[in-house]
Amino acid sequence: MGAPLVSVAIVARTVAQIWKKPIIGVNHCIGHIEMGRLITGADNPTVLYVSGGNTQVISFAEKKYRIFGETIDIAVGNCLDRFARVLKLSNDPSPGFNIEQLAKEGEKYLELPYVVKGMDVSFSGLLSFIEERADGLISSGEYTPADLCYSLQETVYAMLIEITERAMAHCGSEEVLLVGGVGCNKRLQEMMGTMAKERNATLHATDMRFCIDNGAMIAQAGWEMFKSGQTTKWEDTFCTQRFRTDEVEVTWRS
Amino acid sequence: MATSDNLKLLKQGAEAKLFTGDYFGRPCLIKERFKKTYRHPILDKSLTSQRTKNEVRSMVKCRMLGIETPTVLFVDLEQSRIYMDYLAEAITVRDYIYKVQGDKDMIVKLSPLAKSIGNTLGKMHLNNIIHGDLTTSNMLLKKPFEDLKLVMIDFGLSFIDNSQTEEDKGVDLYVLERALLSTHPNTEALFDVIIQGYKEENQQGAAEVIKKYEEVRMRGRKRTMVG
């Protein structure tokens, strides 16, 4: 992931110099949030950002997107992908999508470790648990691969909904926005919708085109930043993995 | 049942409803965990009963150690209800902090409270009680507030574990730090005071727990921003 980002940064700097235009560095997660807000019209939502590399519950307060809850080990998408590998599911179009399809045929629920710590979650224990047992459970005929996908989804998504609901209760929020690659999962959307309805809140979700990483979301966040007068200093136009969502001063919202 | 039907809904949280009512004539608070229809019925049932039990266990154990929690009067597992004392006049630490937030000498003013939070937490951990959901809304202050008499509540995610629990205790501190900083911006210095108070009470265990806490913290901080 690093190499393509670094190459694109060089192109962006080159273009900025050729046309003498200001350049703006965008935080990846904020790109997701701003694109989600644009597409769904959500005003001030609690955000669940779930992808292969991130699992965060975010809410806007005092000029920052503050992280109320997150995974304390691996991301939810990573957990799903790794389990897909145990079952030798195809990577086409994505392991998570194939788990979702197979889970639809699952019927028998297996109780898995459920780890919520305050507004944080942890998936690594759950993953080890199911990785160790999957082969045995399937070969003994006790559970089918579909049952395991179903159980995995039901458990990890319930954890995510729970921390999102906690954050909503904590912030008094009446909107929830679902972003990131795992956000296209229909079952997750359905569960989030049920939770939102029960608290008289509104769910804002987007489809594949906007959930998955895209260039437009970076442009949208950059546009918001630029309109509010932000540009990035030349020496700061590098790529870094250590760029927390809550480091960015959100000058375009009040 | 043990109470009359005059339940009055006081508040609805993320996973439970709070009612006021009475227990054989004694005014009380009733915490009822309600069904979550978004999750699988087996999972829902198991979480609800597990949490109700853990909550009561930890509350009782805390009281035996001299850490204040509301008195548990009765538990109804069928209806997932806990009947406990109602502290009508207490306020949350969250509201207490809001009152002075923004003041120039905020940190100085809040330091005694932070110390008291650290002491209470140290004592809980020393006795292997892990709270699991430490926030400033889950701590109450009884009147007169200046006495800083802390009452711990919301033990639904708590557990008591006498085996190796440094990791869980470290996570407990981490959860508190995150809750404190996200709810009350610019209170980093207060967390340091909490840690000081924690070390005072949990002298044997603190070093190892804080090492774990640093580890957990780095795991979160180093999370990459790709994908």
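Two strands are taken to pair if DSSP finds at least two bridges between them. Helices (H or I, at least four residues) and strands (E, at least two) are DSSP runs, numbered from the N terminus. The model is a predicted one, in which local features need pLDDT of at least 70 and side-chain atom pairs count only at pLDDT 80 or more, while totals for chains, interfaces and linings use all residues. Residues are numbered from 1 along each chain as its sequence is written, and chains are lettered from A and ligands numbered from 1 in the order in which they are written.

In chain A, strands E1(A) and E2(A) form a hairpin with four residues between them. E1(A) covers residues 46–50 and runs antiparallel to E2(A), to which four bridges join it; A:Val47 lies opposite A:Ile58 of E2(A). A second hairpin, with two residues between its strands, is made by E2(A) and E3(A), and A:Glu62 in its turn has a positive phi of about 45 degrees. Here the pairing is antiparallel over six bridges, E3(A) spanning residues 64–70, and A:Val57 faces A:Gly69 of E3(A). Of the seven residues of E2(A) (55–61), six are buried (20 or more other C-beta atoms within 10 Å of the residue's own, C-beta atoms being placed from the backbone), so this strand is largely enclosed by the rest of the structure.

Helix H1(A) contrasts in burial: the number of its 17 residues that are buried is zero, so the helix lies largely in the open. Its end C-alpha atoms are 25 Å apart, which agrees with the 24 Å that residues 2–18 should span at 1.5 Å a residue, the expected span being 1.5 Å times one less than the number of residues. Just after H1(A), A:Lys20 has a positive phi of about 50 degrees.

Chain B contains an open, antiparallel sheet of five strands in the order E1-E2-E3-E5-E4. Its edge strands, each pairing on one side only, are E1 (8–12) and E4 (72–76) of chain B. E4(B) pairs with E5(B) (residues 81–85) in the antiparallel sense over four bridges, and B:Tyr83 in E5(B) is the bridge partner of B:Phe74.

Between the chains, 29 residues of chain B are in contact with 38 residues of chain A, contact requiring C-beta atoms, placed from the backbone, within 7 Å. H1, H4 (166–183) and H6 (206–221) of chain B each give two or more residues to the side that touches chain A.

Conventions. A residue is buried if 20 or more other C-beta atoms lie within 10 Å of its own, exposed if 12 or fewer, and partly exposed in between; C-beta atoms are placed from the backbone. Two residues are in contact if their C-beta atoms, placed from the backbone, lie within 7 Å.
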